[in-house]
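The sequence and structure come first.

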Amino acid sequence: MTVWDSLVGQARPVEALRAAAGGQGMSHAWLFTGPPGSGRSNAAIAFAAALQCEQAGCGSCHSCRTVLAGSHADVVVVSTESVQFRVGEARELVRRAALSPVGQRWQVIVVEDADRFNDHSGNAMLKAIEEPNARTVWLLCAPTVDDVLPTIRSRCRLVTLSTPSTPDVAAFLERADGVDPALAARAARASQGHIGRARALARDEGARRRRDEVVAIPARLTSLGACMSAATTLAEVTKEEAEAITSDRDARDKADLDQAFGYEDRGRRAREYAAALKSLQEDQKRRAKRRVLDVVDRALMDLVSVYRDAVALGTGAPGELVNAELRADLAEIVRTSTPELNLRRIGWIFEARQQMLEFNVPVPLALESMMVALRAPAQGSAR
């Protein structure tokens, strides 16, 4: 088993990365792009392992295993808990990039959210990316090339990943996690090619339940009261999932801080502890806000999949439905609407997404407005 085996449906990018790890076409800076769930970070980490491996990614040597486990001294994986990278975070990356590797090969810096650099933090990075230490390699990840500052992307070699097919994702779940074929197929369809989401749906009954609640919403939007209730339900479901994701980490961070400051001995360094605790709480608040937005964003994409299925069903388009289990609900949506209306509904969902992610409209307000727009038309109305 090699480091490349976890990359699903990415044969062409793997071929290029494997060649570079073997010394053909190597570059000091790389930009991994691809839709959510395509495996941008996984591809970057697999490449990092291959760069540290004498056999270009065997998967079994000490270097490969430590990189994949996140414990290799010369590979650091960075993301931001804020909406954007701060200048201080960028400067810390520049400082790290100036160091020489501990081992004999490369120092690799993987940045999972390169699309979150703004003009200020991005400018702080430019010289380090353009003229790095001779043995430093930058691996940047972002959804698309256009999401990255032009000054940064122009200095990188591009690796473009694609959305894996449903059969590829299902086969991976069966092979890697031993998932039952029927459940693997359902999780693969529901994930729409998002590997991480597919694994969560296959492994976690709670994740499947929360998604089922979300995709059941469109069929219930028959009145103003139902729209308000649906907005509340969606806000609660996403908040529950976000808290489930962040609560364990918040508790671990607090325990680490207590231990670092010897907080059990209340007479020691109380003033410094208070400042550190305040900083931690501010970081946790930013992380919680971002996580809620991420979870809401995923729920909106689940809603989009329902209306996309309705368009496909209403027009007789070929292909498998994402939400095949909702065929009765989909048939009712088709009966009470038109493909044109359902396409407009998809547009309204993306408008709500933009309001929350780019214009900081409060989540409950944006969801309420969106649900009212999605409401089923009155009998005989074409909208």
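## Ala 260 and the model

Ala 260 is found in helix H11. Helices here are DSSP runs of H or I with at least four residues, strands are runs of E with at least two, and both are numbered from the N terminus. Ala 260 is exposed, because its relative accessible area is 54%. Buried means under 20% relative accessible area, exposed over 50%, and partly exposed in between, with a 1.4 Å probe and protein chains only. Ala 260 and Tyr 273 are 13 residues apart in sequence, and 9.2 Å separate their C-alpha atoms in space.

The model is predicted: local features need pLDDT of at least 70, side-chain atom pairs count only at pLDDT 80 or more, and totals for chains, interfaces and linings use all residues. Residues are numbered from 1 along each chain as its sequence is written, and side-chain values use heavy atoms, with hydrogens and water left out.

## Ala 231

Helix H11 spans residues 224–260 and also holds Ala 231. Ala 231 counts as buried because its relative accessibility is 4%. Leaving aside residues up to four places away in sequence, Ala 231 touches Leu 367, Glu 368 and Met 371. Contact means heavy atoms within 4.5 Å. Ala 231 and His 120 are 111 residues apart in sequence and 37 Å apart in space, C-alpha to C-alpha.

## H14 against H15

Helix H14 (residues 339–358) and helix H15 (residues 363–374) have axes that come within 9 Å and cross at roughly 170°. That angle makes H14 roughly antiparallel to H15. Angles under 35 degrees count as roughly parallel, over 145 as roughly antiparallel, 65 to 115 as roughly perpendicular, and the rest as oblique. Axes are lines fitted to C-alpha atoms, for helices over the stretch in contact, and angles run from 0 to 180 degrees between N-to-C directions.

From H14, the contact residues are Arg 345, Trp 348, Ile 349, Ala 352, Gln 355 and Met 356; from H15, they are Val 363, Ala 366, Leu 367, Met 370, Ala 373 and Leu 374. By class, this contact has 10 nonpolar, one polar and one charged residues. Ala, Val, Leu, Ile, Met, Phe, Trp, Tyr, Cys and Pro count as nonpolar, Asp, Glu, Lys and Arg as charged, and the others, Gly among them, as polar.

## H7 against H9

Helix H7 (residues 166–177) packs on helix H9 (residues 195–203) at about 60°, with the axes 11 Å apart. That makes H7 oblique to H9.

Val 169, Phe 172, Leu 173, Ala 176 and Asp 177 in H7 meet Ile 195, Ala 198, Arg 199, Ala 202 and Arg 203 in H9. The contact has seven nonpolar, no polar and three charged residues.

## Aromatic pairs

Rings of Phe, Tyr and Trp (its six-membered ring) pair if their centres lie within 6.5 Å; planes under 30 degrees apart count as stacked, over 60 as edge-to-face, and the rest as tilted. The count comes to three aromatic pairs. Phe 32 and Phe 47 form a tilted pair, 6.4 Å centre to centre with 55° between the planes. Phe 32 lies in strand S1 (residues 29–33) and Phe 47 in helix H2 (residues 40–52), 15 residues apart. Both Phe 32 and Phe 47 are buried.

Phe 85 and Phe 117 are stacked: 4.3 Å centre to centre, 15° between the planes. Phe 85 sits in the loop between strand S2 (75–78) and helix H4 (87–97). Phe 117 sits in the loop between strand S3 (107–111) and helix H5 (119–130), 32 residues apart from Phe 85. Both Phe 85 and Phe 117 are buried. Ring pairs also link Trp 30, Phe 32 and Phe 47 into a cluster.
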